Structure formats: C-alpha cells, structure tokens
Amino acid sequence: MSAADPARIAMIARRYARLPDAELEARLANIVVLLSAPRSGSTLLFDLLSRSRQVLTIGGETHAVYRQFPHLAAENPEFDSGMLDARHADPETVRMFRCMFLAMLRNNQGRLLHDLPGRSTEGYVIVEKTPRNALNLPFLKHVFPNARYVFLHRDAAETIASLIEGWETGARTGRFVTYRKLPGWDREQWCFVLPRGWRALIGRPLADICAFQWNACNDQILADLGDAPMIGVSYQALIDAPEMVLTALGERLNIAGPWQQWRDAALPTSASTVTPPSQGKWRLRAAEVDAVLPSTIPTARRIESRLGSACR
C-alpha cells in the first residue's frame with residue numbers, strides 16, 4: 001500500500017489518537033518550522049534539508065493536514081484572512097492535528113515513520129514547511145510548542161516578480177490557487193497566502209497584490225516571533241554558497257547531510273519552479289516591480305534590523 005494512501009494515513013492517525021497528549025507533544029518536540037513569504041525559496045531549502053537521513057517530513061506541505069479541519073480553512077466564515085491564532089487551537093484540534101501530522105511523517109527514503117523500526121522520532125529532526133506558516137505562528141505555537149524557527153528571507157523584487165508569475169500561472173492552470181470565488185473579490189481565484197486587509201486590493205494590479213503579500217508575510221513573521229530565538233537564512237546566500245549555508249544551518253539544527261555535493265554542482269530545480277531560474281530574471285518584470293518597491297522599504301528595513309548580516 002502506498003505511503004500516501006489517505007485511508008492508511010487515517011488509520012495510523014487513529015492509532016496515534018490513543019496516546020496521551022503529553023506523549024504526542026513529546027514525539028513532535030524536535031521540530032523545525034521554516035518561515036518565509038511564498039516564492040522565497042522555502043521549497044528548495046525544504047528539499048535540501050529533507051535529503052538528510054536525520055530528517056523526517058510529511059513529504060511536502062501541510063495542506064493535506066489542514067484540509068482535515070474545515071474551521072482552519074480561513075480566519076472566520078467571512079474569509080477576512082487565512083490567518084490562524086490561539087482561538088483556532090482548541091484542545092481537540094491540536095490533538096488531532098498532531099495525530100495526522102505524525103501519521104504522515106516519513107524519512108528521506110519516503111518510508112512512513114509508522115513502518116520504521118521502533119516507530120520513534122527520537123534521533124530525528126522534523127522539518128515542516130508550508131507558506132501559510134507565515135500567518136499562522138500563534139496557532140502553530142500551540143500545536144508545536146517546542147518548535148525552532150528558520151526565517152528564510154528573499155529580496156523583495158525577486159519575490160514579487162515570482163509571485164506575479166505564480167498568480168498568472170494560477171489563472172491559467174489552477175496551480176497555486178488557495179481560494180476560489182472569495183466574497184467580493186474581483187478575480188476568479190486568490191493565489192498563495194491570504195493576509196488581513198486583502199479586500200483593499202480589489203481592482204489593483206497584480207504587482208500591488210504581490211507586494212502586499214510580501215510585506216504582510218514578513219511583517220507578521222517578525223511580529224509573531226518577537227524576541228524568540230530563530231535562525232535567519234538568506235535565499236541569495238543559499239544560492240551563492242549552498243554548501244557553506246547548509247553546513248552552518250545543519251550545525252545549528254543538528255542535521256548532518258550531503259552538503260558537500262553542492263560545493264561545485266548546481267542546486268536542483270525547486271519543485272515549485274514555474275520557469276527556469278536565472279540571475280536577474282525579475283528584471284523581465286522591472287516596470288511592474290519597480291512601481292511597488294517603495295512600499296516594501298519599511299519591511300525590508302525591519303528584516304535587516306532583525307537579521308543583520310543574514311539578510312545579505
């Protein structure tokens with residue numbers, strides 16, 4: 001039976017549901033949550049970390065878990081945002097979210113934790129990555145109270161250009177679409193994360209929407225993390241010196257991996273890539289992006305202040 005078979009995952013989750021809450025929390029204690037605005041390179045970083053024998057993941061993003069809980073689809077029935085906070089973290093939701101997450105955990109060979117000897121997370125680091133994490137930290141802190149955080153930052157111009165490309169792809173293919181027919185929205189779909197205040201973007205160009213998403217996600221991450229310990233990673237540094245960045249990150253997270261293979265070899269193409277990456281690709285959309293870059297300056301300065309040299 002496939003490791004991704006929903007019926008089997010549901011069966012395993014029911015078995016985990018027999019465990020006491022303290023045991024569920026303990027099994028998820030050594031978890032690392034990747035935080036970033038969408039299109040900032042988190043899929044690439046997740047994929048690279050997932051290659052370590054010491055890492056467990058659910059095999060991708062956590063949308064499959066969220067879909068099990070209709071009340072986690074949005075902040076409220078009015079779809080004011082996709083943000084989740086402590087109000088959504090009632091004991092039963094937290095408990096079943098943990099059970100489903102544990103049921104989906106697998107190693108770097110794709111074998112479910114449930115099928116591994118001992119079925120234990122001891123000795124592993126769990127890595128979680130989903131774009132909506134940027135808006136859901138108050139909720140995640142209840143689900144994973146012992147989590148460590150990695151904040152991946154990418155230049156605003158590059159990210160906004162990539163978001164525009166993603167929105168255009170979503171309109172054509174449905175990829176990256178997170179909500180359809182939002183009440184009052186003037187497009188057929190909404191792509192990527194849904195921050196509060198989205199209705200102010202009705203009738204605005206895509207570049208405005210994407211700059212809004214970049215600002216909102218990065219600002220929310222910084223606000224919700226506060227003074228909590230976290231590791232800052234620059235996407236540009238990851239691209240320029242992958243072995244060095246992955247080695248340094250691995251040492252801090254206690255993850256050993258095949259990082260030396262990226263000393264001279266090109267990094268793999270991210271699974272979320274739309275068109276092949278290239279240096280300065282965002283300049284193909286320079287007119288659109290340049291028009292909104294001034295709105296990103298305050299957020300960029302806050303990131304620089306918080307992360308310092310990790311931004312460069």
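**Entry 1: the model.** I noted at the outset that the model is predicted.

**Entry 2: strand order.** I looked up the sheet and found that it is open, with five strands in the order β2-β3-β1-β4-β7 and parallel pairing. I recorded β2 (55–56) and β7 (231–234) as the edge strands, since each pairs on one side only. As background, I wrote down that strands of a sheet pair through backbone hydrogen bonds, either parallel or antiparallel.

**Entry 3: the pairs.** I began with β2 and β3, which pair in the parallel sense over two bridges; here valine 55 stands opposite valine 125 of β3. I then turned to β1 and β3, which run parallel and are joined by four bridges. Within β3, glutamate 128 is the bridge partner of valine 33. I also checked β4 (residues 148–153), which runs parallel to β7 and is joined to it by four bridges. Phenylalanine 151 stands opposite glycine 232 in β7.

**Entry 4: strand β3.** I asked how many residues of β3 are buried. Five of the five are, so β3 is largely enclosed by the rest of the structure. I then listed them by face: Val125, Val127 and Lys129 lie on one side, Ile126 and Glu128 on the other, and all are buried.

**Entry 5: helices.** I found that helix α8 (residues 206–225) lies across β1 (31–35) and β4, at about 150° to β4. Helix α10 (residues 242–253) lies across β1, β3 (125–129), β4 and β7, and I recorded its direction as about 165° to β7.

Methods: Residues numbered from 1 in each chain as written. Predicted model: local features only at pLDDT ≥ 70, side-chain atom pairs only at ≥ 80, totals over all residues. Heavy atoms only, no water. Pairing = 2+ DSSP bridges. Contact = heavy atoms within 4.5 Å. Axes fitted to C-alpha atoms, helices over the stretch in contact; angles between N-to-C directions. Buried < 20%, exposed > 50% of the residue type's maximum accessible area, 1.4 Å probe, protein only.
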